[in-house]
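Please read each group of points alongside the display.

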Amino acid sequence: MKAILKRENFPSKNIEINISGSKSESNRMLILQAQFPSISIENLSESDDTKVLQEGLKTTKGIVDVHHAGTAMRFLTAYFAAKDGAEIILTGSQRMQERPIGILVDALKSLGAEIEYLKNEDFPPLKIIGKSLQKSEVKIEANVSSQYISALMLVAPMLPKGLKISLEGKTTSIPYIEMTLSLLKSIGIKGSFSNNEISIASVEKIEKTSLVIESDWSSASYFYSLVALSGEKKNFEIALSSFSKDSLQGDAALVQIYDSLGVRTVFDASNRTISLSKKNTELPDSLILDLSNTPDLAQTIAVTCFGLGISCKLTGLHTLKIKETDRLLALKNELEKLGATIQVDESSLNLEKSSKINSNITIETYQDHRMAMAFAPLSLKTNLTINNAEVVSKSYPNFWNDIQKTGVGLELMNFDV
Ligand SMILES: O=C(O)C1=C[C@@H](OP(=O)(O)O)[C@@H](O)[C@H](O)C1
Ligand SMILES: C=C(OP(=O)(O)O)C(=O)O
């Protein structure tokens, strides 16, 4: 499917968009619910990544294919390894088979797990024979993906003595680890995280608990970008639900980041909405940010800065190369087509100030939902086509419907490219 986006006037009337639950929180809660059926979950994510995890959890023997879902791959590896009686072949898309998992597998093996690589050492697919893991201490390299650490934390309550995790190296994506800890605590499991040490207690049973998941801040980022790029359309306002000030999601940092890019956020606690509108302030010449806490915002921010014609220097991006695609390379390729001057290295991106945007460019998405969604708001500045637009379903299946509600000139064409 192609998304053809035309630079048209869009209405300034108030727009309301309801985004579904955070995929990160949903996937954590599903792993916990599988251990403790007394948990009930509301506002679950509608993402493909959540659906594949939910399906996977129904299986105890056989093949589980998580497609592109990183959290499902990592969380299920730990879950099945610690589940006595499970016999699973855990696999994923071609790209998933290129996303490393050796660090997590080694940690689980040191706890006594039985896991075998079926193709390449350190990569999925995996054969997992589940067993009750008896050890209670583990070391793990923490600078490659926080998902390995969250995976261990989520199964820690199943271990008879709980788990002490020692983190080695500089920990990356820390808010996601804190989110895992907060969710464990919210269902009554004791735990702590300080000085590179995480402790999670063992639990047999928990009280009946109901949890309402906050909507997905990473999905909200595309509307922040849209408002930032809405230029002279001063009355343009978007209300998004359901969000609150005390979020567990690191990507709520959008509020501060986009404040400096001219977007005002107003929280309405009574109906849990945020209203985004354009501020009447001057933009900075340049944006300098370390995104090691919020890697999923990198593409949105880079595209916004390009659309606004300001330079940006983004650092802390070392995890981007092992995500759905090499996101640094993908951003460079596609922004260059639009006329950007951009340099990337292993962990940073440097976009130069520019005033010109090429039009009628076709953006490739590299099977990465965030490539499609990050470039869509640029249609307020130029006509563009986005190839394989269906990729958005990995995290936000309703994205194109919702973006259309804002009045953006969008045509979806259902043919192969
Ligand atoms: O734990 C999670 O839910 C996630 C952690 C982050 O990954 P890394 O820790 O690999 O950076 C993030 O990019 C991903 O989208 C979701
Ligand atoms: C990196 C992402 O997801 P995952 O690693 O879970 O595939 C993402 O949603 O941007």
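Leaving out neighbours within four places in sequence, Leu211 is in contact with Met29, Ile39, Ile41 and Ser186. The model is a predicted one, and Leu211 belongs to its strand S12, which covers residues 209–212.

**Leu211**
- Leu211 counts as partly exposed, because 18 C-beta neighbours lie inside 10 Å, a number between the limits of 12 or fewer for exposed and 20 or more for buried.
- Leu211 and Phe193 are 18 residues apart along the chain, and their C-alpha atoms are separated by 22 Å.

**The whole chain**
- The protein chain contains 12 helices and 22 strands.
- Its radius of gyration is 21 Å, close to the 22 Å that the globule rule gives for 417 residues, so the chain is as compact as a globular protein of that length.
- Taken along the principal axes, the C-alpha atoms of the chain fill a box of roughly 60 × 45 × 40 Å.
- Of the 417 residues in the chain, 47% are buried.
- Among contacts between residues at least 6 apart in sequence, 71% join residues at least 24 apart.

**The two domains**
- The domain assignment divides the protein chain into domain 1 (2–21 + 215–413) and domain 2 (23–212).
- The centres of domain 1 and domain 2, taken over C-alpha atoms, are separated by 30 Å.
- The contact between them takes 22 residues from domain 1 and 23 residues from domain 2.
- On the side of domain 1 that touches domain 2, there are 5 nonpolar, 14 polar and 3 charged residues.

**The shell around ligand 1**
- The residues around ligand 1 include Ser24, Thr71, Gln147, Tyr176, Asp296 and Thr319.
- Helix H5 gives the most to this shell, with 3 residues.
- By class, the shell around ligand 1 has 2 nonpolar, 9 polar and 1 charged residues.

**The shell around ligand 2**
- Ligand 2 is surrounded by His68, Ala69, Gly70, Thr71, Asp296, Lys323, Glu324, Arg370 and Ser395.
- This shell divides into 1 nonpolar, 4 polar and 4 charged residues.
- Domain 1 and domain 2 each supply at least three residues to the shell around ligand 2.

**Positions listed in UniProt**
- Under "binding site", an unreviewed UniProt entry lists Lys23, Gly70, Arg99, Gln147, Arg327, Arg370 and Lys394.
- Lys23 lies in helix H1, which covers residues 23–35.
- Lys23 is buried because 26 other C-beta atoms lie within 10 Å, where 20 or more are required.
- Setting aside neighbours within four places in sequence, Lys23 is in contact with Ser45, Ser47, Asp49, Thr50, Asp216 and Ser395.
- Gln147 lies in helix H5, which covers residues 146–155.
- Gln147 also counts as buried, because it has 26 C-beta neighbours inside 10 Å.
- Not counting residues up to four places away in sequence, Gln147 touches Gly70, Thr71 and Arg74.

Conventions:
Residues numbered from 1 in each chain as written. Chains lettered and ligands numbered in written order. Predicted model: local features only at pLDDT ≥ 70, side-chain atom pairs only at ≥ 80, totals over all residues. Near = placed C-beta within 6 Å. Nonpolar A, V, L, I, M, F, W, Y, C, P; charged D, E, K, R; others polar. Domains from an automatic or database assignment. UniProt positions renumbered as here; feature names shortened; annotations may be inferred. Helix = DSSP H or I, 4+ residues; strand = E, 2+ residues; numbered from the N terminus. Contact = placed C-beta atoms within 7 Å. Rg over C-alpha atoms; globule rule 2.2 N^0.38 Å.
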